[in-house]
Amino acid sequence: MIVLPEDLQIPDREDVRGQAIPFDRTRWLRLLPDPTWWPTELDECPTTGRWPQVDRGTVLNVARRADTAPGRRHLLVASLVWGTGTKAQSVNRRGRIFQNSSSEVIDARLRVTLSVLRAQGPVRAYFAFNNDQHIPHLGAAFFTKVLYFAGHETPTTPLRPVILDSVVSRALQAVQGIDANWPKNGWSTDEYGQYLAGIHDYAHEAGVLPDQVEAALFSHGKQLP
C-alpha cells in the first residue's frame, strides 16, 4: 500500500503545466537519428538566461500528435528533453536510446505501447514498456513520462498515467519510514499500479488532478537530504 504525506503542498494546475526545464538544442540534435525527430514546438520555447526552457504544457501539446509515427517520435524526444536538463552527461545518457535501437524498433515499440495505454490503461502499458516492448536505455523514470504526456489529458480508462522517478520515490520512502520496502528505482508493474492507485485516491480526496499530486511529491522529494 502506498502512503502519501498528509501535508503535501499541492500546486495549482497552471503551476504544474508551467514547470519548465532548460535544454541545449544543439546537443540533442547531435544525438537524434535525424533532424525530423525534433519537435518544432521546442524551437518556440522562451529563453531564460543561456538556455531555452520547455514546460509541461508544451510537451502535452506535442503529445496530441501521438497518433502518428512522427508524432510519437516527437513525443519521445520532448519527454526526454523535459526530463533531462542541460548537463552533457545526462543528455548523452539519454542519447543511448537512439544509438542502441533502430528507428524502426523504436517506432514499433512506441506504437504498440501507446495502443496498450489507450485500450488497457497505464498499468498494462507500464508492463509493456518494461517487458516485451522495452526500448533499451529507456527506463521507467522516463517511459512513465512518455505515458504521462500521452495519456494524462485524454484518459481512456479510470486511471491516468503519472510519472514515477527516483525523486518521487524518495518522498514515498520518507513518509513510509526507514523500514519501507518501496524501491528507489526498478519498480515492478504491481508497484506502479499501487502508486497510481495511491495518487488517484489522494487526488480524488483533495479535488485535484493526479499530476498535481505527483508534482507535489516531486517537490517534497527534492527537499529531502
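These legends go with a set of views of one predicted model.

View 1. Follow the sequence along and you'll read α-β-α-β-β-α-α-α-α-α-α-α-α-α. The radius of gyration is 17 Å, close to the 17 Å that the globule rule gives for 225 residues, so the protein is as compact as a globular protein of that length. Along the principal axes, the C-alpha atoms take up a box of roughly 45 × 40 × 30 Å. As for what's tucked away, 49% of the 225 residues count as buried.

**View 2. The charged side chains of the protein.** There are 24 positive and 24 negative ones, and the centres of the two sets sit 8 Å apart. The accessible surface comes to about 10,600 Å², with 48% of that belonging to carbon and sulfur atoms.

**View 3. Trp37 and Phe98, an edge-to-face pair.** Searching the whole structure turns up 8 aromatic pairs. Here the ring centres of Trp37 and Phe98 are 5.6 Å apart and the planes meet at 80 degrees, so the pair is edge-to-face. This one ties together distant parts of the chain, 61 residues apart: Trp37 is in the loop between helix 2 (25–31) and strand 2 (47–48), while Phe98 belongs to helix 5 (residues 88–99). Trp37 is buried at 0% relative accessibility, and Phe98 is buried at 9%.

**View 4. Tyr126 meets Phe143.** Their ring centres are 5.1 Å apart with planes at 65 degrees, so this pair is edge-to-face. Tyr126 comes from helix 7 (residues 122–130) and Phe143 from helix 8 (residues 140–151), 17 residues apart. Both Tyr126 and Phe143 are buried.

Definitions and conventions
Residues are numbered from 1 along each chain as its sequence is written. This is a predicted model: local features need pLDDT of at least 70, side-chain atom pairs count only at pLDDT 80 or more; totals for chains, interfaces and linings use all residues. Side-chain values use heavy atoms; hydrogens and water are left out. Helices (H or I, at least four residues) and strands (E, at least two) are DSSP runs, numbered from the N terminus. The radius of gyration is taken over C-alpha atoms; the globule rule is 2.2 Å times the number of residues to the power 0.38. Buried means under 20% relative accessible area, exposed over 50%, partly exposed in between (1.4 Å probe, protein chains only). Accessible areas come from the Shrake-Rupley method with a 1.4 Å probe; for residues, only the protein chains shown count as cover. Lys and Arg count as positive and Asp and Glu as negative; His and the chain ends are not counted. The place of a charge is taken as NZ of Lys, CZ of Arg, CG of Asp or CD of Glu. Rings of Phe, Tyr and Trp (its six-membered ring) pair if their centres lie within 6.5 Å; planes under 30 degrees apart count as stacked, over 60 as edge-to-face and the rest as tilted.
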